[in-house]
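Please read the following walk through a protein model with the sequence and the coordinates open beside the text.

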Amino acid sequence: MSDNVAHDAQTLAFYDREAASYAVRPKPERNPRLEGFMAALKPGASVLELGCGGGQDSETMIRAGFDVTPTDGSPGLAREAEKRLGRPVKLMRFAELDALAAYDAVWANACLLHVPAEHLGDVLTRIFVALKPGGRFYASYKMGDGGDRDGLGRYYNFPSRARLEATYRQAGAWIDVTMEEAPGGGYDGVPRTFLHVTALKP
Ligand code: SAM
């Protein structure tokens, strides 16, 4: 599939423009979901991070000894993450992922929420294919009732729980899909309910 329509150009342009300040925005010292994700992996497991932003989560996983591949679709943020990590960050849009059974795990925190709703299934299928058998996948979304822009002009797919469950059912053969609702915030300062989703490839 062509990537021309599978990303929102305005959203990526926003991250590029804001890269320097976005990359150093304050994040909580500890992320219990990331800690739980790492605890479920074998020591040294290979982890693909999608939409790594400033690279904070990759940094945590690298420090914990995992074999991390950080990626982002914004050249500006990829450069910022490279500065933080001191290693190359792959410039890659989600829809360009074409790896085959290459990773033990995929971490996609607050980034697939920018995939146009009609393309989310394709991206989830690519992630399924990129994982090794037994692979683990985490992603988080802002819950809602359909695609829209926030006050900063960024596109969000804002899925309902039922819509997201249906998309996971149709995209790959995921097992043990868990979805947890929790309050969260964002760069726009607007409180939202997040859906935290974990899934396994059999
Ligand atoms: N995961 C990071 C974190 O938790 O701090 C950053 C989250 S930020 C809300 C969303 C990230 O997704 C940005 O780094 C942005 O550049 C990236 N992104 C948005 N659309 C993308 C696309 N189509 N392909 C790859 N990355 C994309």
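Which residue takes a positive phi just after α6? In this predicted model, the residue is Gly-172, whose phi is about 95°.

Helix α6 itself spans residues 161–170, and its buried residues are Leu-164, Ala-166, Thr-167 and Tyr-168. The elements that cover these buried residues include the helix α5 (120–130) together with the strands β5 (131–142), β8 (175–184) and β9 (192–200). Helix α5 is largely enclosed by the rest of the structure, because eight of its 11 residues are buried. These buried residues are Leu-120, Gly-121, Val-123, Leu-124, Arg-126, Ile-127, Phe-128 and Ala-130, and they pack against β4 (103–108), β5 and α6.

A second pair of helices can be followed through its axes. Two packed helices are described by the angle between their axes and the distance between the axes. For helix α1 (residues 9–22) and helix α4 (residues 75–85), the axes come within 7 Å and cross at roughly 25°. Since angles under 35 degrees count as roughly parallel, that crossing makes α1 roughly parallel to α4. The contact brings Tyr-15, Asp-16, Ala-19, Ala-20 and Tyr-22 of α1 to Pro-75, Gly-76, Leu-77 and Glu-80 of α4, and the residues of this contact divide into six nonpolar, one polar and two charged.

Ser-74 can be taken up next, as it has its place in the loop between β2 (67–72) and α4. Is Ser-74 buried or exposed? Ser-74 has 0% relative accessibility and therefore counts as buried, the cut-off for a buried residue being under 20%. Leaving aside neighbours within four places in sequence, Ser-74 is in contact with Leu-12, Tyr-15, Asp-16 and Leu-91. With Asp-16, the side chain of Ser-74 makes a polar contact from side chain to side chain, at 2.8 Å. Tyr-15 and Asp-16 also belong to the residues of α1 that meet α4.

The ligand is the last stop. It is surrounded by 20 residues, of which the closest are Tyr-22, Arg-25, Gly-51, Asp-72 and Asn-109; Tyr-22 is also among the residues of α1 that meet α4. A polar side-chain atom of Arg-25 lies 2.8 Å from an oxygen atom of the ligand, while an N or O atom in the side chain of Lys-27 is 3.0 Å from an oxygen atom of the ligand. For Gly-53 the atom concerned is a polar backbone atom, with an oxygen atom of the ligand 3.4 Å away.

Conventions. Residues numbered from 1 in each chain as written. Predicted model: local features only at pLDDT ≥ 70, side-chain atom pairs only at ≥ 80, totals over all residues. Heavy atoms only, no water. Axes fitted to C-alpha atoms, helices over the stretch in contact; angles between N-to-C directions. Helix = DSSP H or I, 4+ residues; strand = E, 2+ residues; numbered from the N terminus. Parallel < 35°, antiparallel > 145°, perpendicular 65-115°, else oblique. Contact = heavy atoms within 4.5 Å. Nonpolar A, V, L, I, M, F, W, Y, C, P; charged D, E, K, R; others polar. Buried < 20%, exposed > 50% of the residue type's maximum accessible area, 1.4 Å probe, protein only. Polar contact = N/O pair within 3.5 Å; in protein donor to acceptor, adjacent residues only side chain to side chain. Near = heavy atom within 4 Å.
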